[in-house]
Amino acid sequence: ADLEAAKAKTQSLEAELAKSGSSQQSLLESVAKYESEAAETAARLAQAEKARSQVEEQMKSELKEQMEVVDELKRLQAQFQAEAEAADKAHGADDKKLKSELA
């Protein structure tokens, strides 16, 4: 009877061990799956960061070009204004000269 009880206990323990091994294998498979997904996510994140960096550099470059155009327009506006003022002064001097000649 003790031998039969020992055999039954052994079989029960073997079944429990097999079940435990199966659960452990399932856990290992789940861990491997999540590690793979994490690696894929990290790769996508790195790719997105690289694209963001490229867009940022392109925007900085375009902004620099636009600021150069603005600076050139300001310079031309100042030059035009100075030339217009000089022309007004010359015109005013011509008017005075003409008036004095007519008087």
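In which helix is the place of Asp 71? Asp 71 lies in helix α1, which covers residues 2-102. The model shown in these views is predicted, so local features need pLDDT of at least 70 and side-chain atom pairs count only at pLDDT 80 or more, while totals for chains, interfaces and linings use all residues. Residues are numbered from 1 along each chain as its sequence is written, and side-chain values use heavy atoms, with hydrogens and water left out.

View 1. Helices (H or I, at least four residues) and strands (E, at least two) are DSSP runs, numbered from the N terminus. Along its principal axes, the C-alpha trace spans about 150 × 15 × 10 Å. Of the 103 residues, 0% are buried. Buried means under 20% relative accessible area, exposed over 50%, and partly exposed in between (1.4 Å probe, protein chains only). The chain exposes about 9500 Å², and carbon and sulfur atoms supply 58% of that area. Accessible areas come from the Shrake-Rupley method with a 1.4 Å probe; for residues, only the protein chains shown count as cover.

**View 2. Glu 49 and Arg 52 form a salt bridge.** A salt bridge is a side-chain nitrogen of Lys or Arg within 4 Å of a carboxyl oxygen of Asp or Glu, and by this rule the count comes to five. The closest N and O atoms of Glu 49 and Arg 52 are 2.6 Å apart. These two residues are three residues apart in helix α1, which means that about one helical turn separates them. Glu 49 is partly exposed, at 41% relative accessible area, and Arg 52 is partly exposed at 42%.

**View 3. Glu 56 has salt bridges with Arg 52 and with Lys 60.** The N to O distance is 2.8 Å for Glu 56 and Arg 52, and 3.9 Å for Lys 60 and Glu 56. Glu 56 and Arg 52 are four residues apart in helix α1, about one helical turn. Lys 60 and Glu 56 are also four residues apart in helix α1, about one turn. Glu 56 is partly exposed, with a relative accessible area of 32%, and Lys 60 is partly exposed at 47%. Salt bridges with shared partners join Glu 49, Arg 52, Glu 56, Glu 57 and Lys 60 into one network.

**View 4. Glu 62, Glu 65, Glu 68 and Asp 71 gather in a surface patch of negative charge.** Patches are made of residues with over 30% relative accessible area and no salt bridge; like charges are joined within 9 Å, and nonpolar side chains (Val, Leu, Ile, Met, Phe, Trp, Tyr) within 5 Å. Lys and Arg count as positive and Asp and Glu as negative, while His and the chain ends are not counted. The place of a charge is taken as NZ of Lys, CZ of Arg, CG of Asp or CD of Glu. Asp 71 is partly exposed, at 46% relative accessibility.

**View 5. Val 69, Leu 73 and Leu 76 form a nonpolar patch on the surface.** Together they have about 270 Å² of accessible area. Leu 73 is in helix α1, and Leu 73 is exposed, with a relative accessible area of 54%.
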